[in-house]
Structures are given as C-alpha cells and as structure tokens.
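Colleague: I have not looked at this one before. Could you walk me through a few parts of it?

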Amino acid sequence: MVGSIVAIGMGLAVIGAGLGIGWIGAKAMESIARQPEAVGDIRSNMILMAAFIEGAALIAILLAFLVAGV
Amino acid sequence: MRKIIIFNFLFVFLICSQSAVFAQDHGHEGHDHSTHENHDHSTDDHSTHSATADSHDVHGAEAHGDSHHGHSEVICGVEVDHSFEVGKTAMHHIGDANVYSIGPLQLPLPVIAYSNDGGLDIFSTSKFKADLLGHGDGHAAYNGYVLHEGSLKRVAPGQNFPNGEVKIAGFVPKEEIDAKGKKKEVMYVCDFNELYKIENKSTADAGLFGGGITSFYDFSPTKNVVSMILVTLFLGFVFRRVAKSYKTREGKEPKGLQSFMETFVVFIRDEVAKPFLGNKWEKYFSLLLAIFFFILGLNLFGQIPFFGGSNVTGNLAVTMVLAIIAFLVTNISGNGHYWRHLLAAPGVPWFVKPILIPVEIMGIFIKPLTLMLRLFANITAGHIVLVVFVSLIFIFGDSGQNVGGALGASVGSTLLTLFMMAIELIVALVQAFVFTILTASYIGAATEEVEHH
C-alpha cells in the first residue's frame, strides 16, 4: 500500500519537474531563435535553471525512497 | 603550471577522503526486498537444468560476466532458486564490489576488514576461491569472511564458525521478520553441514537505506576505489603532459593533447568561473577544474563496457564527499554580506522573517544535498537502464530456455544499449558541467561584494 502511494508521489514529482524543464527548454529555444548571438549565455543559464528544478524533484524522490524504505 | 600541480593534490585529497567514507557505504544495495517476494516457487525449475546447459553460448554472448542460470540447487537441504531477477541484478551491478571485473574475469582485490571480535584482517579476495569466470560467489570462507555476489560479508559472531580457511557449499537466502515486524531477506552460508547467518558490512546510513552497523567494517580498496585511483593516475598523467607542453612550447600555439584539454579549461573559465565568480575567479578555478575533470573522468570511465563498469559517481558516498567539499568551500569563503543576508534578512518585513530565515538556513544544507543527489541519481539511473536493457535478453530468453527469444532480444537489446550509451555520453558531460556550474554559483553567491543600498 505504502509502496503504491510512494510510486504515485514519485510520478507526480517527475511530472512537475518534466513540465518545469520542458518550459525552460521551450523558452530557451525561443530566446535563441530571437537572439542567436546570445546562445552561449542562454544555454548555460538554461542548464542551471533545469538543474535547480531537478533538485526539487530529487528531494521528492529521495523522500519517496525513505518512506518506502522505512 | 602551478594550478595543474594543485589539481593532482586535490584529486589525491578527494580520493583519500572518499575511500574513508567508502568503507561505510553499501547502503543502497541491500534494500530491494520488496522486489523479490516470490522466493519459494522454485520446485518446478528442476527439469530446466539440462536446458540451460546447452544454451550457454547465449549467455557467453552477453555483456556482463555473471550469468544467472534459470535453475535451482539444493544447499544444506534448502532449495535455492537461481532464476534471473532484473531488480536484483541491477542493484548488484550498480553497487560496489570487492572484486574487479574485466569482461567475464573477476580479479581479486585486497581486503582490509576490521571486526570487534576478530580484530584487523588483511588478505586478498583470492582466498575465497571464487571462480575466475563466475559471478563473485566464493567457494571458501576465510577467518569468518565470505564473498557473496562480489561483496565481502561475514558470518555473524556467536555461531562458532571456525577461523581460517573453510570450504563452503553455497549461500541460502531466507526471509525473516525483523524486530520491527518487517520482512527482510537474510543470507545464510552453508559449510556442507550447517547454515550460518551472514552479515553485510557496516554502513553509515543509520538504517535509512537498509544498512546499519554490523559486526565488521570494510576498509578495503573496492572496485570503486580502484577505478578512482586508475582515473586519477590517468588524469595526473594527462595534466603533467599538458603542463610540460605549456613549458616547452611557451609562446607557441597549443598542440595535440594540449589543445584538446585547453578547450575544456577555457570553457570552464569563460562559461563557469568568470561569469559566476567575477574578479575572484582565479582563486577557485583550480577547485572547479578538479571537480569537473574528476567527475567527467569517472562518468566516462563507468561507461566503458567490459572494464569494471564501475559506478563511482553513481555512489552516494562519492557524491556526498564532493558535495561536502562544495559546502565547506562555499561557507568558509562566505563573506559578511552573505551571512548577514542569510541570518538577518535585511529589508524583509518582520513578519516574514520567522519563515524566511529558517528556510534560508535549510537552504545551506539543501544545496549540497541536491548536488549530491543529482549526480548520484543521474549516473545510477543511466547504469540501471543499461543493465535492464541487457537483461531483456534473459527475460525474452526465459533464463536460457528460449534460445530464439534470446537471439531476437539480443539484437534489440544491443541497439537500445548503444542508443542509451550515446545518451549517457551526453549525460556524463552535462552532469560534470552542472556540478561545476552549481558549485561556482554557490561560491559566487557567497562571495559576492554588493554596495549597500
């Protein structure tokens, strides 16, 4: 029972992170199309922002692991 | 030049600190009890013994050395099921081991183990008489230590297990209910007469990942430590050569290996160090480069097939030490401005402060925590996916009974694995870069000089 709820929670966390990273990617592509000369700055900032969102999802997944493990 | 020498020292420092933590880490390997609850269904597997024997060539074509045969055997009167389980195999492959596997070969490594009742033991894993082409199960016990699935375990104290070399028949898993009322898999070793309970090595996870303090501590150079030393030696060699060519070719254009490495160094300088650290970039540059090349080297080393397949950067202990280094550097170099904004939050309404300040203080610890988890999760996930794709051969081949299925699946599995490895090459670069850029941004935020408003 706990395992199933944990699985749902992990799925939700991944959906959230996926939406966030997808949004960042879309906006970054748009910005690069508008200003191709800023591609370097946009790319590194895109990766940085994606990493922050990933961090939030990772905390959720870690908590899910802990709940499932205990 | 001086900076490159500093790298070498930093790498050695990283290694030393890691190998100390390694000994305690084994946690994430032993906690997948829920995945194999169906242990007692093995009676109908007897007839398959002969079928597996003549499909060995299919197993031989497989990338990993350990072939899991779909048969059971009787050890100490208990029927042990050896049929293939994907979850277990994946966990075994991402974990650390006390043998180094090159292709199907299992090379012995030294063991340095300490137990409260037995004292310090130093010997080689060749004492366990494991098959050179097997999958890491020892055929002998030495001073109460045994080798099970490549990792060192010990007969729990108080069972009158003889010291010295003892021949053993095999390992028997049993499901038991522990003190908390939870199902747990406990391993037993059979010395041809009796079953003895064996324990995993001590881990520092306080039971969070199914580990905990047991009767012995393992300080041996495991597969991951050996991989780390190999990568460090390689990086040291590369950087010494590059440093030398900067000396001999002063004023000339870079050449060969030198220009290859310069691309990375200039990239880190222009994309990471200078934008985030401002005019103090030179002070932290060697640290950033050390982190970048250490992670990149180990990520790529773990992707080499048939050569250890070590999952070093996918090990929580390693990423934890790297994150702790980032944490210490950030907070030690943090200036007054950083601490004032963290602890006093000037310019924030008073009723927000009780919420904001605890959140900011939590943030100090959450930053390295996510740094640790991100690298661990990305690299481990990549390794698990690779193992699962290779496992498709066994799933479709029905543990060696369906040769046609295995042949068909091996074609698909090879293509999927190749595709995944191509993605993993990108992930290896991106994760090394992300770790570096985040470390730089944390240090940059802590050392920023701001005029007061």
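Helix α6 of chain B and other parts

Modeller: The elements that cover the buried residues of α6(B) include α5 (223-248), α7 (281-301) and α11 of chain B. This is a predicted model, where local features need pLDDT of at least 70, side-chain atom pairs count only at pLDDT 80 or more, and totals for chains, interfaces and linings use all residues. Residues are numbered from 1 along each chain as its sequence is written, and chains are lettered from A and ligands numbered from 1 in the order in which they are written.

Colleague: Which residues of α6(B) are buried?

Modeller: Met261(B), Ile268(B), Val272(B), Ala273(B), Phe276(B) and Leu277(B). Buried is 20 or more other C-beta atoms within 10 Å of a residue's own, exposed is 12 or fewer, and partly exposed is in between, with C-beta atoms placed from the backbone.

Colleague: Where does α6(B) bend?

Modeller: At Arg269(B), by about 35 degrees. The bend is the angle between axes fitted to the seven residues ending there and the seven starting there. After α6(B) comes Gly278(B), with a positive phi near 60 degrees.

Colleague: New topic. At what angle do α10(B) and α11(B) cross?

Modeller: Roughly 175 degrees, and their axes come within 8 Å. The two helices are therefore roughly antiparallel (an angle over 145 degrees). Their contact has 20 nonpolar, 9 polar and 3 charged residues.

Colleague: And Met49(A), buried or partly exposed?

Modeller: Met49(A) counts as partly exposed, because it has 17 C-beta neighbours inside 10 Å. Met49(A) lies in helix α2 (residues 39-69) of chain A. Its C-alpha atom is 8.1 Å from that of Ile21(A), 28 residues apart along the chain.

Notes
Axes fitted to C-alpha atoms, helices over the stretch in contact; angles between N-to-C directions. Helix = DSSP H or I, 4+ residues; strand = E, 2+ residues; numbered from the N terminus. Parallel < 35°, antiparallel > 145°, perpendicular 65-115°, else oblique. Nonpolar A, V, L, I, M, F, W, Y, C, P; charged D, E, K, R; others polar. Contact = placed C-beta atoms within 7 Å.
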